Amino acid sequence: MTRRTVPLFALILAGCGSLSSPSKPAKEPDLEYPVGEFVLTERSSVTVTDRDLRGKVWIGSFIFTRCNGPCPAVTSTMQRLQTELAEELKGGKLKLVTFTVDPARDDLKALNEYADARKADPKNWLFLTGDEKTIHRLLQDQFKQAVERKFGPDVKEGDEFGHSTRLVLVDRDGVIRAMYEGLPNEEFPDGKQRFEAGLGRLKDRVRELLR
């Protein structure tokens, strides 16, 4: 398979309040990005590495618990996937993985409260935290996702980070195979339809990778 590259600037960078998207719907490219190594801490306090996820297909998302913009919608999408892919998750070969982009404030207590409030299954939906520089480097260099900490007197609470709202689909070998919108883009009249179509493709692709 030919390795495809997508420049970082071409990916969504969404502050907690706005996001952008191509003006025309497009089928996601077939990607081949090895995620590479990482060592982070799960909300249960257990260390989770990339090796722990090998042999499993997983869907990654990026949020922070105090976000008052798109993060709740992205997490709602993950909740939907927890329900709509319940059979696949039950088999143990599929996982949902959420990374916080604000680990300094998203400690284990905060992640547990956030996850519990959304009825996240602790066996199948992981919430990972760690050092901020490490996580931001992981998102930028290994997941090819944009993330930034905002500075200045005008930064409002709940809007301290700009970051990708995409979902990444990773195969059993730890390779990113596709990226999907994590929430509808309301800037377009067909944003909801585009989002639903993408979510359908994501679920189909998950089942394909699980075969």
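**Close-up views of a predicted model**

View 1. β5 and β6 pair in the parallel sense over seven bridges, where two strands count as paired if DSSP finds at least two bridges between them. Helices (H or I, at least four residues) and strands (E, at least two) are DSSP runs, numbered from the N terminus. This is a predicted model, in which local features need pLDDT of at least 70 and side-chain atom pairs count only at pLDDT 80 or more, while totals for chains, interfaces and linings use all residues. Residues are numbered from 1 along each chain as its sequence is written, and side-chain values use heavy atoms, with hydrogens and water left out. Phe62 has Phe99 of β6 as its bridge partner. β6 also pairs with strand β7 (residues 125-129), in the parallel sense and over four bridges, and here Leu96 has Trp125 of β7 as its bridge partner.

**View 2. The two faces of β6.** Seven of the seven residues of β6 are buried, where buried means under 20% relative accessible area, exposed over 50%, and partly exposed in between (1.4 Å probe, protein chains only). Leu94, Leu96, Thr98 and Thr100 point one way from the strand, whereas Lys95, Val97 and Phe99 point the other way.

**View 3. The crossover from β6 to β7.** β6, helix α3 (residues 108-117) and β7 together make a right-handed β-α-β unit. Right-handed here means that, with the strands pointing away from the viewer, the path from the first strand over the helix to the second runs clockwise.

View 4. Helix α5 (residues 191-210) has 20 residues, so at 1.5 Å a residue it should span 28 Å, and its end C-alpha atoms are 29 Å apart, which agrees; the expected span is 1.5 Å times one less than the number of residues. Among the buried residues of α5 are Phe195, Leu199, Leu202, Val206 and Leu209, and they also include Arg194, Lys203 and Arg205. The buried residues of α5 pack against several elements, including β5 (57-63), α1 (71-84), β6 (94-100) and β11 (175-181), with contact meaning heavy atoms within 4.5 Å.

**View 5. Leu31 in its loop.** Leu31 is found in the loop between β1 (14-15) and β2 (33-34), and Leu31 counts as buried because its relative accessibility is 1%. Although Leu31 and Val175 are 144 residues apart along the chain, their C-alpha atoms are separated by 8.3 Å.
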